[in-house]
Amino acid sequence: MSTTFDAIIIGTGQAGPPLAQRLASSGMKVAIIERGRFGGTCVNTGCIPTKAMVASAYAANMARRAAEYGVTISGSITVDMKQVKARKDRISGKSNSGVETWLKGMSNCTVFEDHARFGSAREIHAAGRILTADQIFVNVGGRASIPPIPGLNETGYLTNSTMMDLDFLPSHLVILGGSYIALEFGQMFRRFGSEVTIVERGPRLVDREDEDVSNALREILENEGITIHVNANITSVAKRDGEISIKGLRSDVRGSHLLVATGRKPNTDDLGLDKAGVETDKRGYIEVDDQLRTNIPGIWALGDCNGKGAFTHTSYNDYEIVAANLLDGANRRVSDRITAYAVYTDPPLGRAGMTVEQARKSGRKLMVGQRPMTRISRAVEKGETQGFMKVVVDAETKEILGASVLGTGGDEVVHSILDVMYAKQPYKLIQNAMHIHPTVSELIPTILGELKEA
Ligand SMILES: Cc1cc2nc3c(=O)[nH]c(=O)nc-3n(C[C@H](O)[C@H](O)[C@H](O)COP(=O)(O)OP(=O)(O)OC[C@H]3O[C@@H](n4cnc5c(N)ncnc54)[C@H](O)[C@@H]3O)c2cc1C
């Protein structure tokens, strides 16, 4: 059976549902297809559940530190993983059912629950039907990428998705990978009470960050009792005496559970893209132009599957770009956006624009301002003085090129810098601004007043 729509959207991640809403409310007949859980990665196995779990871990840590604040808690602090999971499931479940109800109640929009595949550039096969449309939007996201380490399949491993089912405490969680997802899970499970070992192939954790940021994060995690191995060349994994053993490292690393967090891959391998003639790069990411059009007219790719971003906000921004260009006659581009993200360790890392290393590579003359959290009154009052803030400025144009705020509230604080960057205003604008006391943000003007050539 063949049904014709004006637009078909594959995937209900961060771009698909709002795009369905915009297209449907403009009078178009829309189909949206989801093979898994409504809301995709962010809602079910990514941002929302992990940040809910990070909050439980933060509470456990603060409870253990209570005496530092003059608060007495009698008895030991234990974490009930069933309750942690139940809280996480409530929060994430609400978003998941919210997306489902929203889409199923949307006028002009038909929801199909199945795996979708291209039959041709205008045809999608799903739910035993052939759906056709002149406009097709791919928002299929990604999943954990599993490295070809001998023994991994036999040993068994966890990913960000299966971590969501844990309602018990692994006695020793070994994590392969030393990037954002690994660090967030590592710190939270350490705070829940697991022993944690992080095994990273490269020379340092989060190697996309400046070395001082990466070293500070390592110190923060090691201070909490996490063991970190870098330059790890794992040759195999095996199960021995009921434990998982990692081979190829200088010392023997064994754990009760293994989490693989070594990167992501796009869900494009079983989408029939070849039938539509849509091109991907070597890693399977759909090739798109600056307005998210694929090489086939009438087909767009949004979110993680286009390789232009790996965050909820980049996927949502993709939707905004496509919707504005199609429906509002705008000319928005991916290259208009400034890199921004946070890592939800405690303290968090808020990032905007370039790292100092990237800025240096660009050949510009630079000025850098920096301040440790120990010299920020708000951080001292809160007893959360780990980390530092750093801003890099173009010495000639006086525009801010980037910032790293590793410290309490860093995920929020970085936005004041980000917004001045979007405004393309010189750093003096924010240097002369009056900020609220006591906040972490109030020191941004001070840092900008103390810039040094770098
Ligand atoms: C552990 C973890 C923590 C994260 N934390 C953060 C964070 O704090 N902040 C942040 O910004 N980002 C975070 N991210 C990244 C963020 O979750 C993703 O960037 C975001 O969800 C990408 O959204 P998307 O729209 O590209 O697709 P997704 O959300 O991945 O959705 C794609 C959807 O398409 C469906 N689908 C796939 N193939 C098909 C098919 N053939 N037919 C039908 N349906 C299909 C899938 O089932 C899925 O529902 C995190 C990710 C992980 C894994």
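Tutor: A polar contact is a pair of N or O atoms within 3.5 Å. Keep that cut-off in mind; the model here is predicted.

Student: Which residue caps the N-terminal end of H4?

Tutor: Look at the backbone nitrogen of Lys82. A side-chain oxygen lies 3.0 Å from that nitrogen, and the cut-off is 3.5 Å. The oxygen belongs to the capping residue, Asp80.

Student: What span does H4 reach from its first C-alpha to its last?

Tutor: H4 covers residues 81–104, 24 residues in total. At 1.5 Å a residue, 34 Å is expected. The model comes close to that, at 33 Å.

Student: Which residues of H4 are buried?

Tutor: Residues three or four places apart in an α-helix point the same way, because there are 3.6 residues a turn. Cover for the buried residues of H4 comes from elements including helices H1, H2, H3 and H6, plus strands E3 and E4. The buried set is Met81, Val84, Lys85, Lys88, Ser92, Asn96, Val99 and Leu103.

Student: How many residues does the largest nonpolar core have?

Tutor: Ile8, Ile10, Leu19, Phe118, Ile124, Phe137 and Val138 have the most contacts inside it. Take Ile124: beyond its neighbours within four places in sequence, its contacts include Ile8, Ile10 and Phe118. The core's count is 49 residues.

Student: Is Ser362 buried, partly exposed or exposed?

Tutor: Ser362 sits in the loop between helix H10 and strand E21. Its side chain makes a 2.9 Å polar contact with that of Arg364. Relative accessibility is 36%, so Ser362 counts as partly exposed.

How values were computed: Residues numbered from 1 in each chain as written. Predicted model: local features only at pLDDT ≥ 70, side-chain atom pairs only at ≥ 80, totals over all residues. Heavy atoms only, no water. Core = buried A, V, L, I, M, F, W, Y, C linked by side-chain atoms within 4.5 Å. Buried < 20%, exposed > 50% of the residue type's maximum accessible area, 1.4 Å probe, protein only. Contact = heavy atoms within 4.5 Å. Helix = DSSP H or I, 4+ residues; strand = E, 2+ residues; numbered from the N terminus. Expected span 1.5 Å × (residues − 1). Polar contact = N/O pair within 3.5 Å; in protein donor to acceptor, adjacent residues only side chain to side chain.
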